[in-house]
Amino acid sequence: MKFSSTSYDHSTHMLEEELNADTFREKAKLGGFLSYVYGTMSVMLEHPSLQNKEGLGGLWIDNYHTSLPMKKGLSSSAAVCVLIVKAFARRYNLQLDTAEVMDLAYRGEMRTPSRCGKMDQCVAVGRGRAALMTFDGDAVELEVLQSGAPLHFVVVDLRGEKDTVAILRQLNACVPTPPPPPAPQSLMLAYAADIEALAVQARDALLRGDAAALARCMQQAQRSFDRHAAPNAAPHLDAPLLHRLLEDPRLQALALAGKGVGSQGDGSAQLLVSSAEAQLEVPTLNTSAIGTLRVMCSDAVSATDVAGTALCAG
């Protein structure tokens with residue numbers, strides 16, 4: 001097995017080892033970028049179609065270009081895990097649907113110190129698509145959505161730092177049974193109720209292509225997160241850069257709405273703007289929070305697909 005990767009920041013990662021599920025499972029526990037590769041490879045080698053298969057040939061994966069920066073809340077770790085699953089599926093002729101790819105990638109990530117949720121694996125549906133993920137315990141229902149009109153998103157780099165592992169460890173400690181009030185963890189149930197309702201509203205707005213209604217959902221989701229979830233992972237979720245950016249009058253005049261991405265913090269922000277012309281204006285803004293905005297992703301979305309959006313309910 002050979003794996004090489006050039007990251008968003010042009011750093012490189014490489015490994016070359018014999019295929020061994022037990023060895024890979026142990027190495028996944030060590031953390032770091034390659035832990036996601038090791039964890040997912042160990043899961044794939046335990047797949048029923050590959051176990052005890054005679055003459056299992058080798059595999060060389062070269063991720064020569066990476067468009068997602070790490071530690072920005074953009075599911076870069078999930079993208080690596082999905083890459084490994086899809087590479088194994090192509091190399092060894094495994095017939096996997098999107099739900100199976102997502103499940104295998106999630107199981108691979110769970111063998112690392114990371115504790116990201118299943119929603120991150122939505123990257124498996126591919127660029128230019130949106131999906132509603134409904135959770136009922138371990139069961140996940142995936143509904144791919146189509147927008148009723150063009151919607152224009154921009155993801156900007158907040159140029160700050162975030163520790164996703166620490167954030168998720170603190171947030172996960174609040175569920176499934178948070179302590180009673182006045183402990184801040186008790187607020188997580190209120191956030192869960194808010195986000196379930198808002199996800200359904202956002203789905204309906206997206207299907208209509210109603211940018212104004214979707215913007216209201218984004219704003220309400222951010223307010224609920226700040227009030228109910230963020231206190232449980234202070235200071236990681238104080239996110240001063242995010243909030244200064246969202247409160248900047250120059251940005252408010254251009255964007256319909258903005259919110260934190262993923263587990264939030266000062267990694268990146270997602271903006272919904274009114275037009276393709278507005279998308280082009282975003283990099284020209286000189287904000288008080290972080291200066292000129294650095295765009296990491298900008299898509300002019302058609303009326304049939306929505307780029308880079310995942311909604312969660314359940």
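I looked up how helix α1 (residues 21-28) meets helix α2 (residues 33-45): their axes come within 8 Å and cross at roughly 145°. Axes are lines fitted to C-alpha atoms, for helices over the stretch in contact, and angles run from 0 to 180 degrees between N-to-C directions. Helices (H or I, at least four residues) and strands (E, at least two) are DSSP runs, numbered from the N terminus. On the α1 side I found Ala-21, Phe-24, Arg-25, Lys-27 and Ala-28 in contact (heavy atoms within 4.5 Å). From α2 come Ser-35, Tyr-38, Gly-39, Met-41, Ser-42 and Leu-45.

The model is predicted; local features need pLDDT of at least 70, side-chain atom pairs count only at pLDDT 80 or more, and totals for chains, interfaces and linings use all residues. Residues are numbered from 1 along each chain as its sequence is written, and side-chain values use heavy atoms, with hydrogens and water left out.

Next I checked the sheet. It is open, with 3 strands in the order β2-β1-β3 and mixed pairing (two strands pair if DSSP finds at least two bridges between them). Which strands are at the edges? They are β2 (12-16) and β3 (60-63), and each pairs on one side only. The twist averages 0° from one strand to the next.

I then followed β1 (residues 2-6), which runs parallel to β3 and is joined to β3 by 4 bridges. Ser-4 stands opposite Asp-62 in β3.

Last, I noted the helices on this sheet. Helix α2 touches β1 and β2, and its direction makes about 35° with that of β2. Helix α3 (residues 76-91) touches β1 and β3, at about 140° to the direction of β3.
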